Amino acid sequence: MFTLAEVASLNDIQPTYRILKPWWDVFMDYLAVVMLMVAIFAGTMQLTKDQVVCLPVLQPTVNSKAQPGTSGKADFTTVETTTGRKTNLDFQQYVFINQMCYHLALPWYSKYFPYLVLIHTIILIVSSNFWFKYPKTCSKIEHFVSILGKCFESPWTTKALSETACEDSEENKQRLTGAQSLPKYVSTSSDEGSPSASTPMITKSGFKFSADKPMIEVPSVTILDKKDGEQAKALFEKVRKFRAHVEDSDLIYKLYVGQTVIKTVKFIFILCYTANFVNTISFEHICNPKVEHLIGYTQFECTHNMAYMLKKLLISYISLICVYGFICLYTLFWLFRIPLKEYSFEKVREESSFSDIPDVKNDFAFLLHMVDQYDQLYSKRFGVFLSEVSENKLREISLNHEWTFEKLRQHVSRNAQDKQELHLFMLSGVPDAVFDLTDLDVLKLELIPEAKIPAKISQMTNLQELHLCHCPAKVEQTAFSFLRDHLRCLHVKFTDVGEIPAWVYLLKNLRELYLIGNLNSENNKMIGLESLRELRHLKILHVKSNLTKIPPNITDVAPHLTKLVIHNDGTKLVVLNSLKKMTNVAELELQNCELERIPHAIFSLSNLQELDLKSNSIRTIEEIISFQHLKRLTCLKLWHNKIVNIPSSITHVKNLESLYLSNNKLESLPAAVFSLQKLRCLDVSYNSIALIPVEIGLLQNLQHFHITGNKVDVLPKQLFKCVKLRTLSLGQNCITSVPDKVSQLLQLTHLELKGNCLDRLPATLGQCQLLRKSGLVVEDHLFDALPSEVKEVLNQDTSIPFANGI
């Protein structure tokens, strides 16, 4: 027989699982323990005292005795029933008949009742706890209980709920308090009539700051150290992964319903067959063993000494089973009364500031419903780790601990424009200390998905340039008011046009806007930007995308633009009629737009001064004759195309000062180019030009001449009549000698000769007063071959700045 300790181990569930056992499961566990005790008690009694005592049933004895009479016959008969007679059976015969009648006369239920109770109870216990043991559910339950316990005990949970309580109390205080003075840049409504309420932000110093309320000091209830913060962040990640893993199925729910149904069916089965055997358990039994040849008797009357006890135990067992069954029926009613595969945190959202706690479903929802039967506080504290607002607050606190004012100051640098610049990359948010850098000129935020710009940015009075690289920043109303009035330059880099913050289109004082990202949808239809008409002061618009036509909303600012740049990444730009409306554009760049000819719409831009058509597929520029209408055009860049010749009509562009034709397929330079008397810069590098025409001497204003990477072998003497030359690039050609007349170039500061067939350099290089070794690009052996006095002159320092107009 099993001991109580051995059988009780079947019901041994880890104490941590108690939070998933509602009152009915606990009650049924105790009922199962009582039924186990009944089974063990009955079994013990049977093993020690269960026996049957049988006695033979004696037949009546008839004695006939004849009395002498007058007739000589018996005149009466005497029947005598003997009492107290011995059966003349020995001990072994009694033992034998007792064993025989135990199996023949005693009902089977009386013999196996304890074992049946034990088996039924074990099945009920297994059914109650199977969902804790089944591998596919056990792993999820164990993980859930572990996470739930950590979330309940996490210091962040207490801090988040405490700050929520503080925020609620402060808001109530504000409602009770009368009108108070508002800080600078705080307004009750925006200029556009939109409400000024904004999301509260928690700062490093423990202040609550919003656009429509003054700064209020909130007492710090709990101090969250770095270790606790890291553990809380790990919990957020665990909860996120666990939710994704558990919400995709309802196996736990189905298994719990299944085991409850099994227990209910088991209860009905036990009750039905047990009730029929209650009356079969009796004290007296008649036995007919059919062993007359061994015993001498055919019928025996037996007594079962355990009958009374077994009957009482059976009635008790039936009572327990009935209670157990009613609880099972209640459990089924609870399982099907409400949708347990859906769980709403509506109450938690109402009681806290975390209004974004999502509702959950399937097994995740069922587990939370089970936890609520234990204590609803667990679900409330667990909900903190489902809220993105809570996670963002934690990130803000951790971020502010890590990025102090001193650390941020070390990351401030000076850019090419000698402005103070701070670049923050891949952070969880924007540290509060950033807005204490009041002398910052440029702020770059890159890959910060949860960037928030609070009202404190109004302290940064020097800030005029902002970069948002894959960073859809959110701004408070007061912060927006400040940016709208002070921001001058904005760079936005995005993947989809929807990532551009809506407030960008309302920065009325913005001067420069740079948009870099995809503006086309999958079906290659242009996604329109929001209206730009509010950008009334926008002067420079830079778009790097894959457009098929110029966005129509750009025409909202077309009259104000002075510079338009479109880098198209190889997508063919087809529709360009919108250019005609940009009457004030002075600089136009259409790079990598797969243009095959110069667009006619450009000829309407009467104020155009610089045109850049770099990296297109232009083969012919016969349309250049129409440039005569562009009286102000001074710079023409047609580099990195497929141009094979320059038409003579280029002479009509009389005001041209810079001409860039590098990286084309030119084989010669026509004389018409040298009729442009105002030309100061000529770049024809990386073509196939074999000869520099002697007409180059006509360009008396030429300051920069680049013909690197061609096939030139002779330098005409007329080249050195361009005495204003400052830069002369002749590298990677076939030049065999440099004339001594190079000494006439007194303003020369940069001379490139590397990659030619030179044997020596002229000693007259020393007469080029502004040329130094740093500006002389030649092979080392050629420089070493120069006379020492020339090398000494070239090695001298100069304080004259190098001016390169390229």
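Predicted model: local features only at pLDDT ≥ 70, side-chain atom pairs only at ≥ 80, totals over all residues.
Helix α2 spans residues 23-49, and helix α4 spans residues 108-133. Their axes come within 9 Å and cross at roughly 155°. Angles over 145 degrees count as roughly antiparallel, so α2 is roughly antiparallel to α4. The crossing of α2 past α4 is left-handed.

Residues from both helices make up the contact. On the α2 side are Asp 29, Ala 32, Met 35, Leu 36, Ala 39, Ala 42, Gly 43, Gln 46 and Leu 47. These meet a set of α4 residues that includes Ser 110, Lys 111, Phe 113, Pro 114, Tyr 115 and Val 117. Leu 118, Thr 121, Leu 124, Ile 125 and Ser 128 of α4 also take part. By class, the contact of α2 with α4 holds 13 nonpolar, five polar and two charged residues.

Backbone geometry was then examined in two loops. Most residues other than glycine have a negative phi. Asp 418 has a positive phi, near 60°. Asp 418 lies in the loop between β9 (413-414) and β10 (420-425). The relative accessibility of Asp 418 is 53%. The cut-off for exposed is over 50%, so Asp 418 counts as exposed.

Asn 592 likewise has a positive phi, near 55°, in a residue other than glycine. The loop that holds Asn 592 runs between β19 (587-591) and β20 (610-612). With a relative accessible area of 29%, Asn 592 is partly exposed.

Terms used: Residues numbered from 1 in each chain as written. Heavy atoms only, no water. Axes fitted to C-alpha atoms, helices over the stretch in contact; angles between N-to-C directions. Helix = DSSP H or I, 4+ residues; strand = E, 2+ residues; numbered from the N terminus. Parallel < 35°, antiparallel > 145°, perpendicular 65-115°, else oblique. Left-handed = near helix turned anticlockwise from the far one by under 90°. Contact = heavy atoms within 4.5 Å. Nonpolar A, V, L, I, M, F, W, Y, C, P; charged D, E, K, R; others polar. Buried < 20%, exposed > 50% of the residue type's maximum accessible area, 1.4 Å probe, protein only.
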